[in-house]
Amino acid sequence: MTATAIIGDIFTLVDDPAVVGAQDAHRYIPNGILLVEDGHIAAVGKRNELEPNLSEGTKLIDHTGALITPGFIDTHIHFPQIDMIASYGEQLLDWLENYTFPAEAQYADEAHAADAAQFFIRELLRNGTTSALVYGSVHAGAVDALFEEAHKHNMRLVAGKSLMDRNVPYDVRDTAESGDADSRWLADKWHGKGRLGYAVTPRFAPACSDEQLTRAGQMLQDYDGLLMHTHLSENTAEIDWVKELYPDASGYLDAYARFGLLTDRCVFAHCVHLSGEEFQRMGEAGAAIAYCPTSNLFLGSGLFHLKEAEKYGITVGMGTDVGAGTSFSMLQTLNEAYKIGQLRGNKLNPFKSFYLATLGGAKALHMADKVGSLEVGKEADFLVYNMAATPLLARRLKHCKTIEETLFVLSILGDDRCIAETWIAGNGHYKKG
């Protein structure tokens, strides 16, 4: 296979800035080359050192002056909520009842689901998201359509059928038996096919019976490499509801743990109102958190305590949480995360921001050995940025003196317009215009 050398300013995180320090956590190569062979990164280095030694026939793509980073990894996003994004005026529980569940009910229609799957994957790629952990609807056919579309693009994507057999409308309700059977059918068909993976996906504890959560815990044990993906401590009214439903549990996290759903394969979205004891239990178990700043603000849920998660050594990735989140753009999501940090009294360093959106997300999803950074041997999922996507951005970037400042400006002023190209496993799958 012909090698491809992409020329540009290459930036990647190789570790967590909160652990090793910002300078040791990143690599920046102005006027560098990213050499791609057979879908993987074959070399990364300075152009003047690599270019003279390129093999004959290597294809050169010159993006001089453009920034090249790893693709974004979205650790929490809902496939069946694209038609009710930006729904007005409610907090979590009423928002689910009035907007979300009616929208998700439409995914029983296979044609609707297939059309939505195509749109959803296109939007991910257009916004520079190359991997994601995706909530499906309760309908197995809709999740099947999502996997089918992701497989066409060879995406490293993990998804699951939502499990919910109580306290939800009947048109989005399954049973413990049918939910388990559908989940196993999807996992047998798609888990490990190409670059796809399956996640056992309980909606949240109030929507799942004890039997359903028991079956979810069993399925997590029965398959190698599955993830578990659910919601935790997003909203105070939700937490009060869990206390009523699980009076013997020590807290919301314990309601999952008693069913075997607190392991190093578990990814919990939100975690806005965790106690110190719950943070500690998560850290000891090796579970991960999907930080969803945009939706936490939009639904008025609260301000995630990133520093507390770091204190307990918890792996954290960034999630857009569409459709309570209001954009597929990870850059816009980082914008909101910075503001939450300011309100928390802990400003978010841009190296840490991009870590959460790339390598941190890869670690949360157990795929950091394959994606999340631009290192030799990893799969070539990467982005090329348009550094003049808007007049204001172009003007502001001219005044940036460091890569740290450049990244910060991109995370505050940037959005989907900044993504010029999205590459998946060494092949271009989106090009602006």
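This is a predicted model: local features need pLDDT of at least 70, side-chain atom pairs count only at pLDDT 80 or more; totals for chains, interfaces and linings use all residues.
Local features need pLDDT of at least 70 and side-chain atom pairs count only at pLDDT 80 or more, while totals for chains, interfaces and linings use all residues. Residues are numbered from 1 along each chain as its sequence is written, and side-chain values use heavy atoms, with hydrogens and water left out.

**View 1. Helix 7 alongside helix 8.** Here helix 7 (residues 176-190) and helix 8 (residues 210-222) have axes that come within 9 Å and cross at roughly 20 degrees (axes are lines fitted to C-alpha atoms over the stretch in contact, with angles from 0 to 180 degrees between N-to-C directions). That makes helix 7 and helix 8 roughly parallel (angles under 35 degrees). Helix 7 brings A176, E177, D180, S183, R184 and A187 to the contact, and helix 8 answers with E211, Q212, R215, Q218, M219 and D222 (contact means heavy atoms within 4.5 Å). Sorted by class, that's 3 nonpolar, 3 polar and 6 charged residues.

**View 2. Helix 15 crossing helix 18.** The axes of helix 15 (residues 350-357) and helix 18 (residues 403-413) come within 8 Å, crossing at roughly 60 degrees. On the helix 15 side, P350, F351 and F354 meet I403, E404, L407, F408 and S411 of helix 18. This contact splits into 6 nonpolar, 1 polar and 1 charged residue.

**View 3. S301 in its loop.** Look for S301 in the loop between helix 12 (293-298) and helix 13 (306-311). S301 counts as buried because its relative accessibility is 5% (buried means under 20% relative accessible area, with a 1.4 Å probe and protein chains only). Setting aside neighbours within four places in sequence, S301 touches E234, N235, V272, H273 and N296.

Key
Helices (H or I, at least four residues) and strands (E, at least two) are DSSP runs, numbered from the N terminus. Ala, Val, Leu, Ile, Met, Phe, Trp, Tyr, Cys and Pro count as nonpolar, Asp, Glu, Lys and Arg as charged, and the others, Gly among them, as polar. Buried means under 20% relative accessible area, exposed over 50%, partly exposed in between (1.4 Å probe, protein chains only). Angles under 35 degrees count as roughly parallel, over 145 as roughly antiparallel, 65 to 115 as roughly perpendicular and the rest as oblique.
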